[in-house]
Amino acid sequence: MLVWRLDEEAPELLLLCRAAGIYVDDLVELPVKRQREKAVERLLLCHALGRPVTLSHTPQGAPVIDNHEGLNISITHTRHLVALALNDDVVIGLDAEQADREQVIKVRHKFLNASEQQFIAPDDQTAHIIAWTAKEAVIKAERNSAIDWTDGIVLDPMAATADETTLQARCGDHCYRLTCRRVAGHFITVALPTAG
């Protein structure tokens with residue numbers, strides 16, 4: 001996983017891209033927020049793969065690296081962070097959320113099922129953010145944004161250590177192991193499929 005704390009302005013990021021030989025002329029007409037995100041995506045991919053590459057998207061919106069068949073990728077953006085994860089073997093899902101995002105508690109009924117509401121305390125903001133990013137990471141791994149957040153993805157209780165929180169999730173016939181870490185004021189969760 002590669003993470004970029006997004007503090008730079010768009011012109012600086014575009015200059016960094018050009019210096020690395022990364023094409024950015026298609027970004028100049030985008031809103032500034034998207035210019036920044038897309039420039040950082042391209043910089044991270046260039047770093048990970050050793051050269052500039054082209055990113056496209058499936059009809060479902062999942063990112064695909066052109067001319068790298070079999071390389072799975074997931075990307076996430078927040079206001080101040082861009083992260084991406086690559087995997088040669090299996091699909092991968094990645095999501096990040098700001099650690100101070102209080103709104104998740106107010107909408108818990110929209111993404112937590114009755115069982116999850118039992119083991120996630122109503123005032124535990126961290127657990128809510130981890131559950132939110134876990135479900136979003138599973139949706140990205142499934143490549144299906146139409147999954148019902150509440151009952152379509154079922155989370156097991158979380159296990160936390162000083163460094164990370166882990167949990168299991170089920171989505172239809174698929175099982176996932178999720179790992180969440182706090183990085184640069186954000187919670188970042190990775191979903192990888194398991195054998196059941």
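Which residues does D163 touch, not counting residues up to four places away in sequence?

## Residue D163

D163 touches C180 and R181 when residues up to four places away in sequence are left aside; such a contact means heavy atoms within 4.5 Å. D163 is placed in the loop between β8 (159-160) and β9 (165-171). Strands are DSSP runs of E with at least two residues, helices are runs of H or I with at least four, and both are numbered from the N terminus.

D163 counts as exposed because its relative accessibility is 60%; exposed means over 50% relative accessible area, buried under 20%, and partly exposed in between, with a 1.4 Å probe and protein chains only. Between the C-alpha atoms of D163 and E97, which are 66 residues apart along the chain, the separation is 17 Å.

## Basis of the model

This is a predicted model, in which local features need pLDDT of at least 70 and side-chain atom pairs count only at pLDDT 80 or more, while totals for chains, interfaces and linings use all residues. Residues are numbered from 1 along each chain as its sequence is written, and side-chain values use heavy atoms, with hydrogens and water left out.

## Strand β4 and its partner

Strand β4 (72-78) is largely enclosed by the rest of the structure, because six of its seven residues are buried. β4 pairs with β5 (residues 81-87) in the antiparallel sense over seven bridges; pairing requires that DSSP find at least two bridges between two strands. N72 has N87 of β5 as its bridge partner, and a hairpin joins β4 to β5 through two residues.

## The largest pocket

The largest pocket holds about 280 Å³ of space. On a 1 Å grid over the protein atoms alone, a pocket is an open set of points where a 1.4 Å probe fits, with protein on both sides within 12 Å along at least five of seven lines; lining residues have an atom within 4 Å of a point. A volume is the space filled by probe spheres set on the points, which are joined across faces, edges and corners.

Of the 18 lining residues, Q60, G61, A62, P63 and K140 lie nearest the centre of this pocket. β4 gives the most to the lining, with four residues, while α2 (32-49) and α5 (125-142) each supply at least two. The lining has five nonpolar, seven polar and six charged residues; Ala, Val, Leu, Ile, Met, Phe, Trp, Tyr, Cys and Pro count as nonpolar, Asp, Glu, Lys and Arg as charged, and the others, Gly among them, as polar.

## The second largest pocket

About 180 Å³ of space lies in the second largest pocket. Its lining includes I22, Y23, D26 and H57, and α2 gives the most to this lining, with three residues.
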